[in-house]
Amino acid sequence: MALTKINIGPVHPSTHGVLRLVATLDGDTVKEIEPHIGFLHRGVEKLVETRMYMQSPSYMEKIDYVAPLSYDELYVATVEAALGIPVKERAQYVRVVQLELQRIASHLLWLGTAINDIGQLFSVFMWCFKDRDIVLKLLEEATGGRMFYVNMRLGGLNRDLMPGFADRTYKVLDYLKNRVGEYEEYIESNPIFMERMKKLGVMSREEAINMGVTGPVLRGSGVDFDIRSAYPYYVYEKLHFRSQFETAGDCFARYKVRINEIKESIRLVGEALKKMPEGDALGMPIKLIGPAPKEKEVTVKRELPRGEGMMYMVTDGQRPYRLSIRAPSFINTATLQHLPNGHRLQDLFPILASIDTVMADVDR
Amino acid sequence: MKIKSEELISSVEQKRKEGYTYLVKITAVDYTDRLEAIYFLRNLDNGKEEEIRVDLPAKNPKLASIMGIFMAADWYERELSEMFDIEILGRKAKRLLLEKWDGKEGPLRKSFVWGKPYKSIEAPVKFVAKWEEGAK
């Protein structure tokens, strides 16, 4: 039978961004997928070179608009490492709380959209959005912004937590704990979902390592590797963090890793709030002329919601000479060239949903 | 670890045999008189990391492809060749990955002028409004 080529995207409801996929099909079996990316390429790495260090954080947040705080923190941590500025202890706890809340919000958004892609279970999508909004409310209270926060400053934060924040957060965490359990029960007792997710897009441990995938995709393939436990930063060591992983390597394993990560993050936020010391958490106010850099080049890595984010910065006086960003979505999207091969066309979008890409993060 | 560009494949293979099975990132820095390509490798079992650095000339830089060793190198190499104008040997010329234009100069090179007008943006016919014509 002759091969057919079809074009999907760049604007398609299931790609959640601008991703074009050119699929070569034999009947309805996928032979080859060629992802076309770059529609959102803004040249972030070049733009950063023209700016002072602390002019960039607000722009860094737009790299991944689903988890902006994580990128904000990654960039500020890179600058802190380059300038040799230590982070205050309370600020470390507050950062961990906010990063984990951001991870919960990001995974909830993923859950909603992924379920919608898989079985048109639209009610889960609405529930997840509602719950995500409750988490965003907390972040809004803590930082002043609902979507984009720019809360990190050198050595600390822009705003400390309000009095009573901990109590309000405990209530939300209790509520979320129940909700996540409900989602799990609802989703996993749904035969459509289970049939579409299991044994789909299987990636073995060796393949996953060789393809260089990160985050929940890597951990779904049986590699217990999380930056938070492998290279602990801030106070993760004191918080008894346990990384979550599954061994099956299919779409269901990746879903399960993310669900378990939400639960783990809920626990981490609660524990960090209980152990948080009193004191000063405010960082340096933004001044364009800051202290001179102490390191010529630094590499900083963090576990973002989508996987490992790494920034490599070469400093040059008051500006970065070069900033290289390792975006987790970029390398995860590259697996689309291999994963759907041999599956039917309708299985393409569950696979795409399971690797959780944000196109702005892919293109930078 | 600093190596010559001819030794790239052998030293990457050597490192992989030593247990550095995970390629984190390939990137480069333009120091105007030379380029430096950096390969970040990692051992997932014990968390050890290794950087392989390759010095390249600023004119006609060429690098061997390590896609035979790490599949992860695929898009990193394409990004590198596009952004720094580095020729990756042993790979077929493919369409551009990130850019949507000719991509003849590496945009992340320091010689690339930021904000240079691009030819195709200029309107082919000069637009004259009707009231301007009347004014003449």
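This is a predicted model: local features need pLDDT of at least 70, side-chain atom pairs count only at pLDDT 80 or more; totals for chains, interfaces and linings use all residues.
Two packed helices are described by the angle between their axes and the distance between the axes. In chain A, helix α4 (residues 89–119) and helix α6 (residues 165–188) have axes that come within 13 Å and cross at roughly 30 degrees. Because angles under 35 degrees count as roughly parallel, α4(A) is roughly parallel to α6(A). The crossing in which α4(A) passes α6(A) is left-handed.

The side of this contact contributed by α4(A) consists of V97(A), L101(A), I104(A), L108(A), L111(A) and I115(A). These residues meet F165(A), L176(A), Y183(A) and I187(A) of α6(A). By class, the contact of α4(A) with α6(A) has 10 nonpolar residues, with no polar and no charged ones.

Attention now turns to the nonpolar core. The largest such core has 154 residues, and L63(B) and I66(B) are those with the most contacts inside it. Helix α4(A) supplies the largest share of this core, 15 residues. Apart from its neighbours within four places in sequence, I66(B) is in contact with L8(B), V12(B), L23(B), I26(B), Y39(B), A73(B) and E77(B).

A further site lies in strand β6 (residues 297–304) of chain A, where R302(A) is found. R302(A) has a relative accessible area of 9% and is therefore buried, the cut-off for that class being under 20%. When residues up to four places away in sequence are not counted, R302(A) touches E73(A), L74(A), A77(A), I227(A), Y233(A), Y234(A), G307(A), E308(A) and G309(A).

Technical notes: Residues are numbered from 1 along each chain as its sequence is written. Chains are lettered from A and ligands numbered from 1 in the order in which they are written. Side-chain values use heavy atoms; hydrogens and water are left out. Axes are lines fitted to C-alpha atoms, for helices over the stretch in contact, and angles run from 0 to 180 degrees between N-to-C directions. Helices (H or I, at least four residues) and strands (E, at least two) are DSSP runs, numbered from the N terminus. Angles under 35 degrees count as roughly parallel, over 145 as roughly antiparallel, 65 to 115 as roughly perpendicular and the rest as oblique. A crossing is left-handed if the near helix is turned anticlockwise from the far one by less than a right angle, and right-handed if clockwise. Contact means heavy atoms within 4.5 Å. Ala, Val, Leu, Ile, Met, Phe, Trp, Tyr, Cys and Pro count as nonpolar, Asp, Glu, Lys and Arg as charged, and the others, Gly among them, as polar. A nonpolar core is a set of buried Ala, Val, Leu, Ile, Met, Phe, Trp, Tyr and Cys residues joined through side-chain atoms within 4.5 Å. Buried means under 20% relative accessible area, exposed over 50%, partly exposed in between (1.4 Å probe, protein chains only).
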